[in-house]
Amino acid sequence: SVHPILLCGGSGTRLWPLSRKSYPKQFVPLVGEETLFQASARRLSGPGYAAPVVLTNSDFRFIVTEQLAEAGIDPGAILIEPAGRNTAPAVLAAALWLEKTDPDGLMLVAPSDHVVPDALAFRDAVAAGVPAAEAGQLVTFGIKPAHAETGYGYLELTEDPGDFAARPLALKRFVEKPDAEQAAEMVAAGTYLWNAGIFLFSVRAILAAFRAHAPELVAPVQAAVDQGKPDLGFLRLAPEPWEQVEDISIDYAVMERAENLSVVPFAAGWSDLGGWDAVWRESRRDVRGVATAGPATALDCDDTLLRSEDAGLEIVGIGLKDIVAVAMPDAVLVADAHRAQDVKAAVAALKGKR
Ligand code: GDD
Ligand code: MG
């Protein structure tokens, strides 16, 4: 069976003021009724899937257990990272932990803050990747690029993805976060897909890849797992060896360096909700493109997102175009929708002020 590995250690500052350090976006119902984390766990549950392994930090551990219980999903394990070290150490810790109980198993590594509206199509794509993963390939999932995004990884194919049928294709190379010029060239070339940030591989293959491409991570992460302390159903990774672990993403540590890569094209809808503009796009909108949430009223507005996260706080927009407005009890964001990416900088500036 496939072990879902749910990563939920990030803080998602581009969705301020809703996403906070203490309560980041993956734990909030951003689109739909469930939180993104709950939807991710549900998407990877059912026949063929083992109970999920969750990697998070100490601050979020009770949010994780509460939200899983509410969704009716039993976790296989919840590993607590003493500090955020990015995705490579987190994935390695999960692999070393699984090696003890299911060394022949497969792992499906997934962020918990993405929107994938068609869960069935997604599970089909995973199923299409399983034989390749069993044969030792590191399987990625490729999205048709919509623009020259510099915040994503790119997957160069050896052939045209054609009709985007769910089948593993050979991958020439993996390019993580190109500069703007390189991104534009890759989108124009037509043989590149966006890396969805979701990976399927065997425990054996990913451990071999870490040993080959990022050997310096292996000893300290192994020690952190071996010396980890069970605590109320959580496994706390040991802080001393974890201190020694380099902060690096799996994309840079392994994917850019590995040669046994495959990609399953995925065309059924995917968004990493990287800003309020993306949330607007994924929300239910009326004919004029207005999306509202909470006590919000739009009069004569177009292509606008109005959200109030406080039942007692009414938000009203009149005659707006291309605006995102998000009201929290203690902060309000009003922005040009085209400048949604600048929220990150605004948050950094706020931090400096306090
Ligand atoms: N447990 C844990 N610990 N989770 C983490 C940590 C950590 O230290 N750091 C990040 N994560 C989680 C984030 O919460 C997110 O769900 C996921 O891992 C990916 O991390 P991001 O920081 O969001 O990565 P990214 O968006 O810059 O880039 C990745 O995703 C893109 C698609 O959204 C890469 O894989 C790109 O290649 C890809 O295109
Ligand atoms: Mg991301």
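User: Leaving aside neighbours within four places in sequence, which residues is Phe210 in contact with?
Analyst: This is a predicted model, in which local features need pLDDT of at least 70, side-chain atom pairs count only at pLDDT 80 or more, and totals for chains, interfaces and linings use all residues. Residues are numbered from 1 along each chain as its sequence is written, and side-chain values use heavy atoms, with hydrogens and water left out. Contact here means heavy atoms within 4.5 Å, and, with neighbours within four places in sequence set aside, the partners of Phe210 are Ala88, Val91, Leu92, Pro215, Leu217, Val218, Ile250 and Val254.

User: How many residues are in the largest nonpolar core?
Analyst: A nonpolar core is a set of buried (under 20% relative accessible area, 1.4 Å probe, protein chains only) Ala, Val, Leu, Ile, Met, Phe, Trp, Tyr and Cys residues joined through side-chain atoms within 4.5 Å. Phe210 is among the members that touch the most others, as are Met107 and Leu138, and the core's residues number 51.

User: Which helix gives the most to this core?
Analyst: Helices are DSSP runs (H or I, at least four residues), numbered from the N terminus. With 9 residues, spanning part of 87-101, the main contributor is helix H3.

User: How far is an oxygen atom of ligand 1 from an N or O atom in the side chain of Glu176?
Analyst: Glu176 is one of the closest of the 24 residues that surround ligand 1 (a heavy atom within 4 Å). A polar contact with a ligand is a pair of N or O atoms within 3.5 Å, and for the side chain of Glu176 the distance is 2.6 Å.

Note on methods. Chains are lettered from A and ligands numbered from 1 in the order in which they are written. A polar contact is a pair of N or O atoms within 3.5 Å; within protein, one must be able to donate a hydrogen and the other to accept it, and residues adjacent in sequence count only if both atoms are side-chain atoms. Buried means under 20% relative accessible area, exposed over 50%, partly exposed in between (1.4 Å probe, protein chains only). Helices (H or I, at least four residues) and strands (E, at least two) are DSSP runs, numbered from the N terminus.
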